[in-house]
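Here is a short briefing on pockets. Look over the sequence and the structure first.

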Amino acid sequence: MVEVLLQMTAFIVCGIVWRYFSQQHLSPKNTREVLTELVYYLFLPALVLDVLWLADLGGAAGGIAVVAASGVFIALALAWGAYRLLAASCRSTQGALLLAAGFPNVTYLGLPVLQSTFGDWARAVAIQYDLFACTPLVLTLGIHIARIHGRDGGSANHLLELLKTPPLWAAAMGVSLNLGGVPEPAGLHGFLNMMASSVVPLMLLSLGMGLEWPRNQWRHLPLLFPVLIIQLCLMPLWAMFISHFFAFDSFQRTAVILEAAMPSMVLGIVLCDRFHLNTSLYAAAVTFSTALSLVTLPLWYQFLT
């Protein structure tokens, strides 16, 4: 896994370098948003459809969803308790830290890690972990947390937000075709697979472009410790415990635990911007947790194997 993470780190570094040394007429923020939208609305749905159409949706699918959802709820509860004790009084700061602690980067980093480490079959684990639990919770509970800790940035109809999520539509279609026994045409599989091959490099580049550590956030560094401990240590421990109750094979179990060990999700920055939370602190949490995960993920992998 170390070699895999080094290769992925090189892609992330390319994104960071682009952020700071891109040509003046190409805004790094706008470039990242274009890449993210291409992945979110075009390439990722193609990957989701292709993978779930062919995936084994046996008992493991329900177990993956339970591990993911329970992890989010427990992480949020632990973070809420921690920041009550630390007396993080500013509500916009509390909201950003809760989002950072509760929702892991299971697609933009988790999917490349699992695919590169275990092979193409592991893409289904990352997609189910995200789309069967994390994404619906982000678009419901996550938005609710952002609203009550910030200022309403407009309509936040949870059902509408879910219906506007292309990967979820692709997941519903893929699962329906899979369970209906409809064979995937070879030509369509080739087309979807070609589109899907763009997901990992574009995800890693956009991740690098989104990482930042504002100078004024050093004074808030102690507030990030609960986020780091919850995301990188406690959540994989929880996944290790609860995964014993489901019919995972050894490889699936390792993949699920590694998903639980992912750092804070990058897309939470969008919620922070929209609801006027402490965006710079959230960006700092993403940057610091992602950097540390490049050390902790190989350690978890070695421990599990």
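How much space lies in the largest pocket? It holds about 950 Å³. The model is predicted. The second largest pocket holds about 270 Å³.

**Largest pocket**

- The lining consists of 33 residues.
- Nearest the centre of this pocket lie Thr36, Tyr40, Leu139, Leu267 and Val270.
- Three helices each supply at least two lining residues: H2 (28-54), H6 (123-149) and H13 (268-274).
- H2 gives the most to this lining, with eight residues.
- By class, 18 lining residues are nonpolar, six are polar and nine are charged.

**Second largest pocket**

- About 270 Å³ of space lies here, and 17 residues line this pocket.
- Closest to the centre of the second largest pocket are Val51, Ala55, Asp56, Trp121 and Ala124.
- Two or more lining residues come from each of H2, helix H3 (59-85), H6 and helix H9 (186-196).
- Which element gives the most to the lining of the second largest pocket? H6 does, with four residues.
- This lining divides into nine nonpolar, four polar and four charged residues.

**Helices at both pockets**

Terms used: Residues are numbered from 1 along each chain as its sequence is written. This is a predicted model: local features need pLDDT of at least 70, side-chain atom pairs count only at pLDDT 80 or more; totals for chains, interfaces and linings use all residues. Side-chain values use heavy atoms; hydrogens and water are left out. On a 1 Å grid over the protein atoms alone, a cavity is a set of points where a 1.4 Å probe fits but cannot get out, and a pocket is an open set with protein on both sides within 12 Å along at least five of seven lines; lining residues have an atom within 4 Å of a point. Grid points are joined across faces, edges and corners, and a volume is the space filled by probe spheres set on the points. Ala, Val, Leu, Ile, Met, Phe, Trp, Tyr, Cys and Pro count as nonpolar, Asp, Glu, Lys and Arg as charged, and the others, Gly among them, as polar.
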